[in-house]
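Me: I have a structure here that I would like to talk through with you. Could you look at it with me?

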Amino acid sequence: MCNLLISSSLDSAIQTIYSWVWSPVLVGLCLLAALYFSLRTRFVQVRRFREMCRLLFNTDKHQKTGISSFQAFAMALSGRVGTGNIVGVATAIGFGGPGAIVWMWVIAFFGAGSAFVEATLAQIYKENHHGQFRGGPAYYIEKGLHSPFFGCLFAVISALACGWFMPPVQCNGIAMSMSRTFDIAPWIVGLGVAVLIALVIIGGVKRIANVAQIVAPFMAILYVILAIVVLAVHYEAVPGVFIEMLRGAVGASQVGAAILGSTIAWGVKRGIYSNEAGQGTGPIVAAAAKVSHPVKQGLVQAFSVYIDTLLVCTATAMMILACHTYNIIDHVQTLPDGTTQTTYLVENPDAPVGEPGVFYTSGALASVIGGKAADIIISLALFFFAFTTIMAYYYYAETNLVYLFSRLRRYRLNRRSRKMTDQEKIAAEKAYEQADLVFGDDRSEKTVIWILRIVTVTAVFIGSTTGSGIAWTLGDIGVGAMAWINLIAILLLSPKALRALKNYESEKKQGAEPVFDPQKLNIEHAEFWKEQRD
């Protein structure tokens with residue numbers, strides 16, 4: 001009884017913290033920041049759209065360190081395109097109606113501005129660490145805002161959320177789907193996923209990037225083609241679907257008017273969750289790319305937001321709406337016996353009973369290729385989407401652990417240097433710089449990275465055999481806390497990103513290939529770029 005009360009109190013406390021972190025204030029801050037960045041950049045996500053596409057395959061060949069622009073794009077896409085693109089879209093429709101999808105589009109359009117700014121900042125303040133580029137919010141918060149405390153706070157939250165809480169949630173989705181479709185025990189699925197993840201992450205960022213650049217674009221393209229086939233069969237319904245979405249978005253329909261508040265709220269919330277613009281995860285990957293100017297990677301990351309929401313999420317939504325395999329829920333009531341009773345505003349005969357989820361999408365596919373084939377395809381799509389997301393989560397966690405240990409090493413060096421002679425200080429500084437260039441010189445850091453790999457693989461396996469409720473909530477709390485810190489940081493640092501954009505466009509007008517010079521733009525602590533110029 002006592003344990004039950006403790007468990008209930010803990011669950012209540014977690015839910016309370018979640019409601020504080022993901023309050024309407026954070027959702028509003030995400031939206032207003034995205035609008036602000038879009039206005040300040042004069043809608044760079046529209047003006048430079050052709051440039052975005054061109055830069056996907058543009059890499060600075062003079063830099064031997066780092067990954068290509070396309071690999072960085074694919075890794076960011078891996079993090080953005082996950083189970084939320086299938087389950088999350090169904091949830092948005094189920095609680096917010098068809099109009100919620102339009103609001104997801106709005107968020108993606110403006111959110112591309114946030115993605116541009118944070119990715120540009122990540123490139124400006126990146127470091128060459130152990131022969132790899134490392135960067136992200138922790139780095140630009142410390143260097144740009146002169147706040148090591150908040151940089152470390154972001155790194156700790158990110159490492160915990162992405163390294164421990166979020167991977168099991170993704171694996172739980174894979175295990176449940178595979179178990180239901182192929183009648184395989186969830187623990188066997190979990191073991192298989194854990195082994196595959198281990199094989200990838202042990203190879204470091206290069207192997208993660210190599211896998212991501214093949215799997216993420218391939219699955220996104222295949223999924224969109226699948227949606228086109230479904231819509232081709234139900235082509236007569238497509239015009240009506242667009243009209244239904246647009247009317248629902250502004251409350252012009254009878255049902256839309258009744259739930260307009262929910263439509264906007266669910267569309268905005270799912271849009272923010274899905275494309276991750278402004279949350280601080282995208283810039284971690286953006287910093288790893290080798291480019292001649294930070295703005296180049298900013299444009300590439302802005303484009304990845306479009307792919308996630310305007311293509312993949314829209315593909316899911318169009319299938320569900322055209323095939324009418326959805327209901328619009330009015331209220332879900334928990335009865336005294338623990339069961340739930342659902343009442344509907346709209347109930348379609350072809351829609352599955354219960355709360356919205358993956359069955360909305362598989363039901364749409366089943367109308368074209370049959371139930372069993374639909375379940376197999378959706379299970380495979382969930383596997384690849386979730387698998388690549390776990391890879392991205394690991395890289396986010398690893399980069400932030402590297403940040404924490406590099407700062408710890410600097411702190412120790414500074415303390416020791418107080419007792420050193422000038423010659424000893426110079427020798428210590430040289431040793432530190434060399435350790436940053438050669439992986440393995442810092443044994444403690446290497447040990448912790450291996451511990452993270454073991455923890456991530458273990459968390460993936462555990463996620464296949466246990467419920468994901470509390471882990472999902474804790475992960476969302478972590479992501480929400482990251483978003484709070486990151487949004488405030490990029491708002492304060494946006495003048496530097498805007499200066500970089502102005503410089504980039506000025507050099508493009510002169511017909512030159514833009515090359516970044518931080519001293520020319522009066523940007524301090526961009527050591528990597530300064531060394532490149534020297």
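What follows is a short exchange of questions and answers.

Reply: Gladly! This is a predicted model, where local features need pLDDT of at least 70, side-chain atom pairs count only at pLDDT 80 or more, and totals for chains, interfaces and linings use all residues. Residues are numbered from 1 along each chain as its sequence is written, and side-chain values use heavy atoms, leaving out hydrogens and water.

Me: How far apart are the end C-alpha atoms of helix 10?
Reply: Helices here are DSSP runs (H or I, at least four residues), numbered from the N terminus. Helix 10 covers residues 186–201, and its 16 residues should span 22 Å at 1.5 Å a residue; the expected span is 1.5 Å times one less than the number of residues. The end C-alpha atoms agree with that, being 22 Å apart.

Me: Within what arc do the buried residues of helix 10 fall?
Reply: Buried means under 20% relative accessible area (1.4 Å probe, protein chains only), exposed over 50%, and partly exposed in between. In helix 10 the buried residues are Val189, Gly190, Val193, Ala194, Ile197, Ala198, Val200 and Ile201. They line one face of the helix, because seen down its axis they fall within an arc of 165°, taken from the directions from the helix axis to the C-beta atoms.

Me: Is valine 195 buried or partly exposed?
Reply: Valine 195 sits in helix 10. Its relative accessible area is 45%, so valine 195 is partly exposed.

Methods. Helices (H or I, at least four residues) and strands (E, at least two) are DSSP runs, numbered from the N terminus.
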